[in-house]
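Subject: Structure handover

Hello,

Here is the structure I promised to pass on to you. Please have it open while you read, as my notes follow below.

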Amino acid sequence: MTACAIESPSVGTDDRSSERGCVLTADGAYAARLTRDGDSWFPERWTLDGPEPYVVPLPGNQPEEPGTELQPLGDGRVLIHRRAGVRNLFALLYPTGPGTGELPLGAMECAGPGVRLDLLPPAPGGARAYAVTVGSRSSSVWQVVGGSGGPERLVEVPGRCSGGVWLDRAGRLLALDRELEGCVKTVVVDLELGQVTPLLQITPGSDDRLLMADPDSGLLLISSDAPSPGQERLGWGVLGSTLPVRFPTSLRLPECTAVPFAIQPGQVLEPESCAVALRIEGPVGTWVGIWRPAERRVRHLAAPKGWLTGSGLWTPQGVLRLPYATRETPCGVAELRAPAGEPRNRAGGTDPAEPRTRPGGAEPAAAGAAGAPAEELAGAAGPGAAEPAAPRPVPLAQAPLGRLVTN
């Protein structure tokens with residue numbers, strides 16, 4: 001998963017630039033990041049699936065630029081994306097005794113005003129890697145690792161795309177947030193069929209983005225201004241459900257920004273029990289929040305010193321693993337266990353009188369104990385479903401109830 005970090009005194013920084021974060025493979029076995037030796041930047045790979053984490057430096061013949069992108073693969077090699085003017089160069093790095101081996105993968109030119117190429121989040125399986133080019137009117141998805149040779153364009157998508165969330169374990173269905181005709185809506189790109197279909201459309205004029213998805217439970221984390229026009233809110237839904245997206249008030253943190261970065265896997269058919277890790281930034285620094293859809297609060301935990309901010313991985317057993325680096329420990333993983341969830345009533349919620357709002361982000365139909373709704377519902381169209389035989393998400397209004405959500 002990708003990480004975007006902001007320097008914070010609560011996390012702590014040092015010469016190793018832990019504030020830059022890192023990128024983890026989908027299974028959390030490897031990580032990669034740029035680190036610094038004096039004024040020079042170089043890649044390093046972390047191995048996280050053994051008894052003890054360890055780091056392997058991968059310096060090249062010359063220092064890297066700070067904007068260089070890295071992505072670890074499932075076999076331990078690291079994809080590097082370098083920019084040189086309008087040229088984008090790709091190569092695979094791997095350790096060779098005391099040195100670093102480099103296998104060139106080809107180059108692409110991105111000419112034109114505002115055209116940019118970025119790597120997409122690591123794909124499931126770790127054998128392939130993808131990138132997206134964004135132009136003024138359209139975007140294209142490219143396969144840069146695992147193809148027949150060199151970067152290969154797979155799909156062109158009308159509009160300007162951002163984000164990138166994998167919806168299945170096969171690495172076939174990719175969700176992108178597309179800006180088109182003044183609005184942002186999430187679409188699904190079927191990389192095998194080359195098709196683009198709508199996924200998230202809460203209201204016609206709202207900006208709706210998919211932040212994370214868990215293929216096991218179907219839990220989706222969503223950002224939208226549908227319930228509060230002009231103000232982004234965090235919400236949740238379930239892939240394949242006909243129920244509307246919910247926007248819990250517990251995820252509205254005054255003077256803070258909350259960004260989900262990990263969802264607990266393995267909770268098959270139980271999306272409301274999944275633990276979600278949040279990177280929370282506020283006036284006093286950066287810390288970790290843990291939230292479940294079934295609960296009505298966020299649990300706040302201190303981040304380890306030197307946390308590679310915004311990066312981490314849940315185990316199915318509910319352990320949150322956070323990579324960190326300090327002068328004393330250049331490669332470490334802190335483990336936080338998710339607190340036990342609150343007991344639920346027979347309907348699956350934590351309060352039998354839990355209030356709701358009318359669809360479309362209208363005013364609350366009822367108020368909770370604090371005078372505010374516990375959750376707000378928005379929209380008659382939202383997450384889509386994937387048919388087993390031909391997984392093509394469709395708008396929620398047309399999708400069968402594939403998962404059960406009770407709160």
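Let me start with Glu 64, which counts as buried at 8% relative accessibility (buried means under 20% relative accessible area, exposed over 50%, and partly exposed in between, with a 1.4 Å probe and protein chains only). Before going further, please note that this is a predicted model, in which local features need pLDDT of at least 70 and side-chain atom pairs count only at pLDDT 80 or more, while totals for chains, interfaces and linings use all residues. Residues are numbered from 1 along each chain as its sequence is written, and side-chain values use heavy atoms, with hydrogens and water left out.

**Salt bridges**

What does Glu 64 form a salt bridge with? The partner is Arg 82, and the closest N and O atoms are 2.9 Å apart. This pair links distant parts of the chain, since Arg 82 sits in strand β6 and Glu 64 in the loop between β4 and β5 (69-72), 18 residues apart. A salt bridge here is a side-chain nitrogen of Lys or Arg within 4 Å of a carboxyl oxygen of Asp or Glu, and by this rule the count comes to 17. Helices (H or I, at least four residues) and strands (E, at least two) are DSSP runs, numbered from the N terminus.

Two other pairs may interest you:

- Arg 172 and Asp 190 meet through their side chains in a salt bridge of 3.0 Å, N to O. They too link distant parts of the chain: Arg 172 is in the loop between β13 (160-166) and β14 (173-180), and Asp 190 is in strand β15 (residues 183-190), 18 residues apart. Arg 172 is buried, with a relative accessible area of 16%, and Asp 190 is buried at 3%.
- Arg 292 and Glu 295 form a salt bridge at 3.5 Å, N to O. Arg 292 is buried at 11% relative accessibility, as is Glu 295 at 4%.

There is also a network of salt bridges that links Glu 69, Arg 83, Arg 116 and Asp 118.

**The second largest pocket**

Glu 64 and Arg 82 turn up again here: along with Gln 62, Pro 63 and Glu 65, they lie nearest the centre of the second largest pocket, which is lined by 13 residues. (On a 1 Å grid over the protein atoms alone, a pocket is an open set of points where a 1.4 Å probe fits, with protein on both sides within 12 Å along at least five of seven lines; lining residues have an atom within 4 Å of a point.) Strand β6 (residues 78-84) gives the most to the lining, with 3 residues.

**An open sheet**

An open sheet of 4 strands has the order β1-β2-β3-β4, with antiparallel pairing; two strands pair if DSSP finds at least two bridges between them. The edge strands, β1 (23-24) and β4 (54-57), each pair on one side only. β1 is joined to β2 (residues 30-37) by 2 bridges, and Val 23 has Ala 32 in β2 as its bridge partner.

**Cysteines**

How many disulfides does the structure hold? The number is 0, where a disulfide is a pair of cysteine sulfur atoms within 2.5 Å. For Cys 22, the nearest cysteine sulfur is that of Cys 331, 9.5 Å away. Cys 22 is buried at 3% relative accessibility, and Cys 161 is buried too, at 6%.

Best wishes
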